Amino acid sequence: MKQKIKEKPYKTATKFDVCTHLQPIVKVLEDNGNAADRLTGIICDKGDGNILLVENEIDFKLIENHFELPDFIVMNEQKSRIVCSKCWCSLEKKVTGRKFNTSQKIFY
Ligand SMILES: [Zn+2]
């Protein structure tokens, strides 16, 4: 059976972690060989919201097969990004040259 992502209760992103809607997704990705960039942590981008970067290609099939996703979680394969539109929070694959609208240090 697929794992459900509960809408409530939830917590939005912190400096170190994505919102609780996306946390189980990060865990499954990490259990399957991807890695979140915990060194950079959450990037607070003025345009794109709170972003957690992952090192490797996001396995969308894996996520699809594992979770029953609510409407507010949007998978954008083209941009290698998973967005929680409720919390304005997302997971994104690291891409060289990607510019963030933030004054934070990004470690790559
Ligand atoms: Zn959320």
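In what order do the five strands of the open sheet lie? The order is β2-β3-β7-β6-β5, with mixed pairing. This is a predicted model, in which local features need pLDDT of at least 70, side-chain atom pairs count only at pLDDT 80 or more, and totals for chains, interfaces and linings use all residues. Residues are numbered from 1 along each chain as its sequence is written.

**Sheet**
- Strands (E, at least two residues) are DSSP runs, as are helices (H or I, at least four residues), and both are numbered from the N terminus; two strands pair if DSSP finds at least two bridges between them.
- β2 (43-45) and β5 (73-76) each have a single partner strand and stand at the edges, so one side of each lacks a neighbour in the sheet.

**The β5-β6 hairpin**
- β5 and β6 (residues 81-84) run antiparallel and are joined by four bridges.
- Within this pairing, M75 stands opposite I82 in β6.
- Four residues separate the two strands of the hairpin, and S80 in the turn has a positive phi of about 50°.

**Nonpolar core**
- A nonpolar core is a set of buried Ala, Val, Leu, Ile, Met, Phe, Trp, Tyr and Cys residues joined through C-beta atoms within 7 Å; buried means that 20 or more other C-beta atoms, placed from the backbone, lie within 10 Å of the residue's own.
- The largest such core has 20 residues, of which V18, C19, L22, I82, C84, C89 and L91 touch the most other members.
- At least two core residues come from each of α1 (23-31), β3 (49-54), β6 and β7 (89-93).
- With four residues, β3 gives the most to this core.

Definitions and conventions:
Buried ≥ 20, exposed ≤ 12 C-beta atoms within 10 Å, placed from the backbone.
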